[in-house]
Amino acid sequence: MKGEKTMRKRIALPAAAFLLVTASFCGCGVDENIDIQVRPDAAAVAESNITEKLPVPEVTEKTEVISEVTEETSAVSSEETEPDIETAISEVEQTVVQNNTEAPETEASYTEKCETTPEVQTQCDTTCPESEIEPTYINGILIANKTYPLPESYNPGRLTTETLEAYNKMYSDACDEGLSIWIQSGFRSYSDQDRIYNGYVARDGKEAADTYSARPGHSEHQTGLAFDLNTIDSSFAYTAEGQWVAENCHKYGFIVRYPQSKESITGYKYEPWHLRYLGVETATKVYESGLCLEEYLGITSQYNY
């Protein structure tokens, strides 16, 4: 008690006991398998799971860390967005920032298990309900657009290993050129996208929202193969980083997924910040063709509902 003097006896602990107590507070390790790079001044963003900025009722998400002696939870705060669409995209899509401290699940979890045609493959087995939506692969490429949705259950949980490794190489080479790039928004689950999309609909209406935000199940972010770089604004295209990425990302296996002047084909406005991993060989072919992915594969991107 404050203000009271208390007699304390000194207790001599055996050396072994002291070492045991010390060790118990030093046993937490950090997974160093994944070397994801982020801009230093974005560290606060990367350390949080979600930074909610939708002008909709506040959503709090908690992460529990359980050990022998502690249990901690953390919550995120929300701020109002600006009224213009590009600023809103920049702010709202920061709500889910890729947490890269855990190793991704193996590719075996998402291998193709059956064929429907020689070129189009879907993931399923004999226990799948006939009515369940199945991931669609075209020429070995996982597709997520307005025509081809992913099921709600498709959830790699984070960016894939290949995607992260390719990004790290690109990041390193960009640094050598004196450029600064970072992942602003990576993997997003079905429920994350549902919340983001419906927030836009509530503010701008469905027709407008569909031009710049994917409906749940139709977002490439859910694949674990796509992410947004730096500033989510069309001005990124005119920065040194944006120009370098547009000219070089295919060398690392990425394409600018929603190119300029392809809005009527992809179904989305120009997004110079949104990259999709395809692998170096395929990404280079798409880049050199001058086509968007829908044109390259001969598929559509249109909602049927």
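**Before you go on**

This is a predicted model, in which local features need pLDDT of at least 70, side-chain atom pairs count only at pLDDT 80 or more, and totals for chains, interfaces and linings use all residues. Residues are numbered from 1 along each chain as its sequence is written, and side-chain values use heavy atoms, leaving out hydrogens and water.

**Stop 1: the whole chain**

Colour by pLDDT, the predictor's confidence in each residue, from 0 to 100. The chain averages 72, and 57% of the residues score at least 70. Select residues 1–83: pLDDT is below 50 there, and the stretch has 89 contacts in the model beyond near neighbours in sequence. A contact means heavy atoms within 4.5 Å. Now take residues 95–130. Here pLDDT stays under 50, and the model has 87 contacts beyond four places in sequence. Where pLDDT is low, the predicted coordinates should not be read in detail.

Switch to cartoon. The chain shows 10 helices and 10 strands. Of its 305 residues, 44% are buried. Among contacts between residues at least 6 apart in sequence, 69% join residues at least 24 apart.

**Stop 2: the sheet**

Select β7, β8, β10 and β9. They form an open sheet of 4 strands in the order β7-β8-β10-β9, with antiparallel pairing. The edge strands are β7 (183–185) and β9, each pairing on one side only. From one strand to the next, the twist averages 50°, taken between N-to-C directions of axes fitted to C-alpha atoms, on a scale from 0 to 180 degrees.

Strands pair if DSSP finds at least two bridges between them. Between β9 and β10 (residues 271–277) there are 4 bridges, and the two run antiparallel. Pick Y258 and E271: they are bridge partners. I255 stands opposite R276 in β10. On the β8 side, 3 bridges join β8 to β10, again antiparallel. There, A226 has R276 as its bridge partner.

**Stop 3: R257**

Stay on β9 (residues 254–258), which holds R257. Is R257 buried or exposed? R257 is buried, at a relative accessible area of 1%. Show its side chain next to that of E220: they make a polar contact at 2.8 Å. Such a contact is a pair of N or O atoms within 3.5 Å, where within protein one must be able to donate a hydrogen and the other to accept it, and residues adjacent in sequence count only if both atoms are side-chain atoms. Leaving out residues up to four places away in sequence, R257 touches N145, E220, T266, H274, R276, L293 and E294.

**Stop 4: the cores**

A nonpolar core is a set of buried Ala, Val, Leu, Ile, Met, Phe, Trp, Tyr and Cys residues joined through side-chain atoms within 4.5 Å. The largest has 30 residues; Y167, M170, I181, F227, L229, F254 and L275 have the most contacts inside it. Two or more residues come from each of α4 (161–176), β8 (226–229), α7 (240–248), β9 and β10. α4 gives the most, with 6 residues.

Centre on F227. Its contacts beyond four places in sequence include Y167, M170, F254, W273 and L275. Finish at a second, separate core of 10 residues, which includes I138, I143, A283 and V286.

Technical notes. Buried < 20%, exposed > 50% of the residue type's maximum accessible area, 1.4 Å probe, protein only.
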